[in-house]
Amino acid sequence: MATQVAGYTVLQTTNLNFSVDEAITQATHSATFLSEMLQMLEPNQANSNETAHDTYNECIKLKDFISEKLWAVSDNERITLMQGAVDSLQHVCNQYELLVKSVDQEAGDW
């Protein structure tokens, strides 16, 4: 179902029941947790670790949720907090994706 946000059509919305403050707190927690997990895991374990995969999916949902809410915020301090959370989530998601991709490519070279 499509909805309109700030004049743009959004085809998919994230179904989370958080306030923005709760989402920012959860985003910080999830991003830190995934980052620490990635540091502790062996690269070949990243793809098969369910906890890391679930946390990655949670980070993606939180990033999308906060990004959607960012459209409606006009307070500079709040925008900075929300954008910081989105950036943190994006960074850790990129780390996870690169690690999984490198393992997949390495396995394909054999």
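Reader: Why is Tyr 56 called buried?

Author: This is a predicted model, and in it Tyr 56 has a relative accessibility of 14%. Buried means under 20%, so Tyr 56 counts as buried.

Reader: What makes Tyr 96 buried or exposed?

Author: Its relative accessibility is 4%. The limit for buried is under 20%, so Tyr 96 is classed as buried.

Reader: How many aromatic pairs does the whole structure hold, and why is the pair of Tyr 56 and Tyr 96 called stacked or tilted?

Author: The search of the whole structure gives one aromatic pair. The ring centres of Tyr 56 and Tyr 96 are 4.5 Å apart, and a pair needs centres within 6.5 Å. Their planes meet at 25°, whereas stacked requires under 30 degrees. The pair is therefore stacked.

Reader: Which parts does this pair tie together?

Author: Tyr 56 belongs to helix 3 (residues 50-70) and Tyr 96 to helix 4 (residues 76-108), so the contact joins parts 40 residues apart in sequence.

Reader: How do you know how many disulfides there are?

Author: The count is zero. Cys 59 is in no disulfide, and the nearest cysteine sulfur, in Cys 93, lies 4.9 Å away. A disulfide needs the two sulfurs within 2.5 Å, so the sulfur of Cys 93 is too far from that of Cys 59 for a bond.

Reader: Why are Cys 59 and Cys 93 called buried?

Author: Cys 59 has 0% relative accessibility, and Cys 93 has a relative accessible area of 0%. Buried means under 20%, so Cys 59 is buried and Cys 93 is buried.

Notes:
Residues are numbered from 1 along each chain as its sequence is written. This is a predicted model: local features need pLDDT of at least 70, side-chain atom pairs count only at pLDDT 80 or more; totals for chains, interfaces and linings use all residues. Side-chain values use heavy atoms; hydrogens and water are left out. Buried means under 20% relative accessible area, exposed over 50%, partly exposed in between (1.4 Å probe, protein chains only). Rings of Phe, Tyr and Trp (its six-membered ring) pair if their centres lie within 6.5 Å; planes under 30 degrees apart count as stacked, over 60 as edge-to-face and the rest as tilted. Helices (H or I, at least four residues) and strands (E, at least two) are DSSP runs, numbered from the N terminus.
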